[in-house]
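Trainee: Could we go through this structure together? I would like to begin with the details of individual side chains.

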Amino acid sequence: MRNTPILILLFVFFLLGACKERKTEEVYYRLWYDEPAEAWTEALPIGNGRIGAMVFGGVETDRIQFNEETLWTGAPRDYNREGAADYLEEIRALLFAGKQDEAEALAGEHFMGKMSNEDEYPQQLATWLTKVKGDESLIYASPDFDDSDWGVMTFPNIQGWESIGFEGLDGTVWLRFTFDLPEDWKDKDLVLNLGRIRDTDITYFNGNFINSEDNKNAHRRYKVSAADTGLGKNVVAIQVLNFYDKGGLVGFKTGEPMVIYPVGEEMENGIPLDVEWKYFIQNSQVPQYPKYQESYQPFGDLWLEFEGQEHIENYTRELDIENAMARTSYESEGVRYTREYFVSAPDQALVLHLASSVPGKLNFKASLTSLHRDFEIRKVDDRVIMLLAKVEDGALHGVSYLRCESPEGYISVIGDILTVANTNEATLYLTAATNYRNYNDVSGKPEVKAMDALNQIEVGAYDKVKATHIEDYQKHYNTFDIDLGENRLDSLTTDQRIVTFNETQDPSLVGLYVQYGRYLLISSSRQGTRPANLQGIWNEELTPPWDSKYTCNINLEMNYWPAEPLNLSVMHEPLFELIEEVAERGAKTAKIHYGANGWVLHHNTDLWRGTAPINNPNHGIWVTGGAWLCHHLWEHYEFTLDTTFLREKAYPLMAGAAEFFIDFLVEDPTTGYLVSGPSNSPENGGLVMAPAMDHQIVRELFRNCLDAAQILGITDDLTRQIEETLPKVAPDQIGQYGQLQEWLADKDDPENHHRHVSHLWAVYPGEEINVKTPELMDAAIKSLEFRGDEGTGWSLAWKLNLWSRFREGNHAWKMVNTLLSPAWVERSGRGGSYANLFDAHPPFQIDGNFGASAGILEMIVQSQNDKIVLLPALPDALGNGKIKGVKARGGYELNIEWLNHELEKLSIYSVSNGKCMIEYEGISREIPMRAGESYLLDPQLNWVINK
């Protein structure tokens, strides 16, 4: 943002002094700003689990970028590589023999999943390259070519030319840079220091071929012979071939400048190349690049254009997370303009209500656009326009309708633009749908689904639609409340609060962060929708970071860490549906890749529920994604005690995952333990046998299966096999540095500060390592100390939860401070928060928002290992607070208040008859409880009264 941190701090300290005597008021949680969003990570997210939108709140131009959860690239297909299992034993033998490079090479050739279009691509690419590299294209390299009518691009752009307005551009682009050769450079060889070029370049100087490179990660440092230069005008021309994702000159990873300079001289005295280049798109019909998995897609943009908005005063935009509504308001020429935005789950529509305080002063135009190359806007009638968008080289297309209502004003559709004039009130309803039905069926009729949703909204029913939306949202949101102190800094904009958080006492921002996490989960994961992906439900790019899919070696699971404890259990259901779907797909992968029964999921999946290993063997062959997801099934049971769910859904899926590992685990020739492999410790150390994380997850899966079977009264061959196998699984080991070993072999590097802390899974989210296993707990602490306190957003969130489990509240608070650092200030690629409180990986990933929300609660209450522990990791900074509606394992719901770091009030509600074990400050009590009753306890955990 554009605020000055020093001025902010001076204002903050003044504000703190003025507020010392102010009486505590009820906390109202909102994000707010005094200027429109410029960047996407400044815009405000709204959503209903299926439709998501980002609101920019502009004055003359307002952008509402929107998504629909099922618009992805790709199509139903088989992701598995036939014959992969034939190489399994050879890969294992190589790994056991210490030949990791050979094992990875063999696995890369024969064991990875199958990519889309991989069989046809080589010939398609060869034909295309012949076409675009033909002699006729060399005219663009000539120094005499007239490029005056070419466009202009500025380089470098680390995120590719997509980040400067060329989203979706793949193919062949010519770039030209013209400069005058200095006289003292005459007869000198030159260096073209170009940095990385995505993906292939063919570089010319004054029409002469200089060099070419097809490694997109290589730094281009090309020598230009003095014979190819001349005084006066000189031209650098580059034919850039971009096959997929980022394109163009993306600069040096080292930060080195793009420059041309004489050989042997200082590059600082050269001519900069990080300037404007002329460009010409030669051919954008590049063959479909093979992909292991697919990408979540943006749908479109709703644009509002306003005329005569001058002399703007009192501008405000906010996200009211108690009502799930964004608002923009300002004054112009004595008129107050307001806009309300929300996405209704009951009415399945994005809703925008506009108003002016003076009759007849509201005038605007509304239009729809899309980044997809194949899109069309049509007029439906005088109040409705529609957007049709098709994903390139994919099976999916979408339809969106936009309807306008105004009780008194003029509405018309001219061409493809809605025009509204001379009114003081108007409402826009946007619906959207695709032809996706499930991962095997794309026969849906989006035009019917989207129109049905639109027709079900009564004309003139805005107040009703708004009230129904708020009621529906609040039945989920109001199940929980958190108050960590006065909201005294809410007079600062949210981005200012982030900037100053580390220098001020602003615990209410932490409470806001927790409730914002809950808001995001409600907005991106509803019953009947797909689960939240790497960006929840929000994405503006055709080639989003990591495809904005489901990464299952931490990120997808972290999205749902807050679901149970933060009283949003119903939001867990989309994840359970995904588990059922990947179990169906994963049964085939288990057979084809491992010759095993049961089902398996590797480290990623997508809309089409791919389960095979992807990308590269050094991180893509990781077998415990499905087993980790099964942990969520068991967690849901532990928090709810829902035996019907356990019997009908959870246990069959857990049993299938366990069945795979019964077949998959193999004896380690050195120790005799059963170990996992080939696999890896995400995403560190390459392809290995016996990573500790796998064993921790498998042991917990086996124990949970046995516990579930006992509850359900099941005794069969599988339970007997699990009982026989469990003691043989390799246990955790303590290494030479006192650390918890990441692998069975003692090869940890204490200087390794990798963002993943995979081998600490048994501390959190698992519970096998705990205060009752002090030696392993100390070793886990040592490992986390070696990893360090820095990291990307989700990594910081995981560390927050771990330090909370270690009962180190002030160390956990350090993670909170880093998470709430401004990500738009240069921090060398480390995590933090963007201006809209989105988590920074960077770039944006939503998992940090969810993981940190759970971690903040973990400081206040924990319930693993059959005991509820109160204030186990309360930091000095959170001396006072109260929470209502926090859930605990065992079917409990708690209300907790504390004052001056000491427990003040406690009430517990139980869903079942039984005894609740509870602990606070060394005091442990076993409290008999009855189903459906609440119990009030004093700070010594003595029973006060039940009601």
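Trainee: Which backbone nitrogen lies 3.1 Å from a polar atom of the side chain of D748?

Mentor: That is the backbone nitrogen of E742. Please note that this is a predicted model, in which local features need pLDDT of at least 70 and side-chain atom pairs count only at pLDDT 80 or more, while totals for chains, interfaces and linings use all residues. Residues are numbered from 1 along each chain as its sequence is written, and side-chain values use heavy atoms, with hydrogens and water left out.

Trainee: Where is D748 found?

Mentor: D748 is in the loop between α15 (717–725) and α16 (774–787). Helices (H or I, at least four residues) and strands (E, at least two) are DSSP runs, numbered from the N terminus.

Trainee: Which side chain joins that of D748 in a polar contact?

Mentor: The side chain of Q739 does, at 3.1 Å. A polar contact is a pair of N or O atoms within 3.5 Å; within protein, one must be able to donate a hydrogen and the other to accept it, and residues adjacent in sequence count only if both atoms are side-chain atoms.

Trainee: Which side chain meets R787 in a salt bridge?

Mentor: The side chain of E742 does, at 2.9 Å from N to O. E742 lies in the loop between α15 and α16 and R787 in helix α16, so the pair ties together parts that are 45 residues apart in sequence. Both E742 and R787 are buried.

Trainee: How many salt bridges does the structure hold?

Mentor: There are 56 salt bridges. One of them links the side chains of R497 and D506 at 2.8 Å, N to O. R497 counts as buried at 1% relative accessibility, and D506 counts as buried at 3%.

Trainee: What about E893: with which residue does it form a salt bridge?

Mentor: E893 pairs with K887, and their closest N and O atoms are 3.1 Å apart. E893 is partly exposed, with a relative accessible area of 24%, and K887 is partly exposed at 22%. Elsewhere, salt bridges that share partners join R30, E318, D320, R327, E340, K466, D490, R497 and D506 into one network.

Trainee: Turning to the backbone, which peptide bond has omega near -25°?

Mentor: The bond from P682 to E683, which is cis. E683 sits in the loop between β33 (679–681) and β34 (684–688). The peptide bond from F155 to P156 is cis, with omega near 0°, and P156 belongs to the loop between β5 (151–154) and β6 (171–181).

Trainee: And S548, is that residue buried or exposed?

Mentor: S548 counts as buried, at 0% relative accessibility. S548 is not a glycine, although its phi is positive, at about 50°. The loop between α8 (507–524) and β29 (550–551) holds S548.

Technical notes. Buried < 20%, exposed > 50% of the residue type's maximum accessible area, 1.4 Å probe, protein only. Salt bridge = Lys/Arg side-chain N within 4 Å of Asp/Glu carboxyl O.
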